[in-house]
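Student: I would like to go through this model region by region. Please show the sequence and structure before we start.

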Amino acid sequence: MQNFRFQTVPLIINETGALARLGEFIQQEFPACRRLFIVSDAGLVSSGILQAGLDNLDQLGLLYQLYAGVVPDPPEAVVLLAAQQAREFGSDLVIGMGGGSAMDVAKLIAVLCGNDQALSTMYGINQIRGKRLPLVQIPTTAGTGSEVTNISIVTTGETTKMGVVAPQLFADLAILDASLTTGLPVATTAATGIDAMVHAIEAYTTRHKKNPVSDMLARQALKLLFNHIDRACSHGTDLAARQAMLLGAMMAGQAFANAPCAAVHALAYPIGGRFHVPHGLSNSLVLPTVLRFNLPAAAEQYAELAEILAPDATGSAEARANAMINALADLALRTGIPTRLRQVGIRETDLEQLASDAMQQTRLLGNNPREVSWQDAYEIYAAVL
Ligand SMILES: [Zn+2]
């Protein structure tokens, strides 16, 4: 048996309607905490879907300040501003409520309020030295899995993104409540769901740190996501389908937090960085082509996943792997989200820059089952154009 480490969030509450009991959970798990800093975005706050949670905090006499300034691809300045407000409020607990951006910002605020280290010295792997405030994460999309990962992505320059990866970023509590996700549009449901599937697939085939626990989670995540994504798209208010998607996305998050992502994400990040295409859609765009590129190195593993994604496939490992890739490509077509780079405003003259940007993602590329050169990255983008 191989040696490995597996780490995750110690408490996960999977309960439709749990948001309305937020204050109860806080009192149970963090009895000393009285001043809560809630990190979210303006769209969510104005939608009113967070209200049940806020009402419960009011009823129980818990003070909170709501920060609604998170934006997609959050810039460093937003993190610093929010952390400043959290300090001024005297926060003793941080709650992230939103998609990956809000939860990523919440992680860093909890760290920045917990010690005096400067954010600029935290980028990279295991660079955080001190402790953080208690941290609760409540996702409102079924995709990033950020509620159970130890990664926070920040936009540091015009288009550059940097990651903070450290065990302090694992939350204390994650709450999965499908009632927060029923208002998501079809395209967001599809793209975020496919992103979660990419997390599971890349964790399952990662060159380093793949282990029996991450494999088990990746397979179960794929099963939940693939079997419920059509229903979640066609019947957005189906709470059972939505809860299954949240659970699947969380399990995929647990898998890739321990067995990290690879070339699909490496090629997706530049699309998001330069063209502000949402993270899930960026991944979905390059997914089938990157998997086809990986086939010579990963056919056996993809064939194993075909048991879930293309159960009727027969023949050689390569044939079953191809069936699995086709099933994923069909999924994007079926849900009607863009499948070509041109559809999101990318032109042929952009591809060289995208390929160069992708080569900067060395943390991810090193995990890919097959080595990716600049020329390979360029050809993958060209094939998806
Ligand atoms: Zn992702």
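**Domains, zinc site and enclosed space**

Tutor: Residues 12-177 are 31% helix and 24% strand, and the end C-alpha atoms of this span lie 11 Å apart. Helices (H or I, at least four residues) and strands (E, at least two) are DSSP runs numbered from the N terminus. This is a predicted model: local features need pLDDT of at least 70, side-chain atom pairs count only at pLDDT 80 or more, and totals for chains, interfaces and linings use all residues. Residues are numbered from 1 along each chain as its sequence is written, and side-chain values use heavy atoms, with hydrogens and water left out.

Student: Which feature does UniProt list for residues 12-177?

Tutor: UniProt positions are in the numbering used here, feature names are shortened, and annotations may be inferred rather than shown by experiment. For residues 12-177 the unreviewed entry gives "domain: Alcohol dehydrogenase iron-type/glycerol dehydrogenase GldA".

Student: What are the helix and strand contents of residues 189-384?

Tutor: UniProt (unreviewed entry) places "domain: Fe-containing alcohol dehydrogenase-like C-terminal" at these residues, 189-384. The end C-alpha atoms of the span lie 22 Å apart, and its content is 75% helix and 0% strand.

Student: Which protein residues are donors of the zinc ion?

Tutor: Donors are N, O and S atoms within 2.8 Å of the metal (3.2 Å for Na, K and Ca); water is not among the atoms, so sites may look incomplete. In sequence the donor residues follow the spacing D-x3-H-x65-H-x13-H. At 2.1 to 2.2 Å from the zinc ion, they are Asp195 (OD), His199 (NE2), His265 (NE2) and His279 (NE2).

Student: Why is the arrangement of the four donor atoms around the zinc ion classed as it is?

Tutor: Four donors count as tetrahedral if all angles lie between 85 and 135 degrees; four count as square planar and six as octahedral if opposite donors are over 155 degrees apart and all others between 65 and 115; anything else is irregular. Around the zinc ion the four donor atoms subtend angles of 90 to 160°, so the arrangement is irregular.

Student: How many residues apart in sequence are the parts that Asp195 and His279 tie together?

Tutor: Asp195 lies in helix α6 (residues 186-205) and His279 in helix α10 (residues 279-309), so the pair ties together parts that are 84 residues apart in sequence.
The value is 84 residues.

Student: Is Asp195 buried or exposed?

Tutor: Buried means under 20% relative accessible area, exposed over 50%, and partly exposed in between (1.4 Å probe, protein chains only). His279, at 27%, is partly exposed. With a relative accessible area of 1%, Asp195 is buried.

Student: What volume of space lies in the largest cavity?

Tutor: On a 1 Å grid over the protein atoms alone, a cavity is a set of points where a 1.4 Å probe fits but cannot get out; lining residues have an atom within 4 Å of a point. Grid points are joined across faces, edges and corners, and a volume is the space filled by probe spheres set on the points. The count is one cavity of 30 Å³ or more. The space in the largest cavity is about 50 Å³.

Student: Which elements give two or more residues to the lining of the largest cavity?

Tutor: The lining includes Ala142, Thr181, Ala232 and Met245. Ala232 lies in helix α7 (residues 212-234) and is buried, with a relative accessible area of 1%. The elements giving two or more residues are α6 and α8 (239-258).

Methods
1 Å grid on protein atoms, 1.4 Å probe; cavity = no way out; pocket = protein on both sides within 12 Å on 5 of 7 lines; lining within 4 Å.
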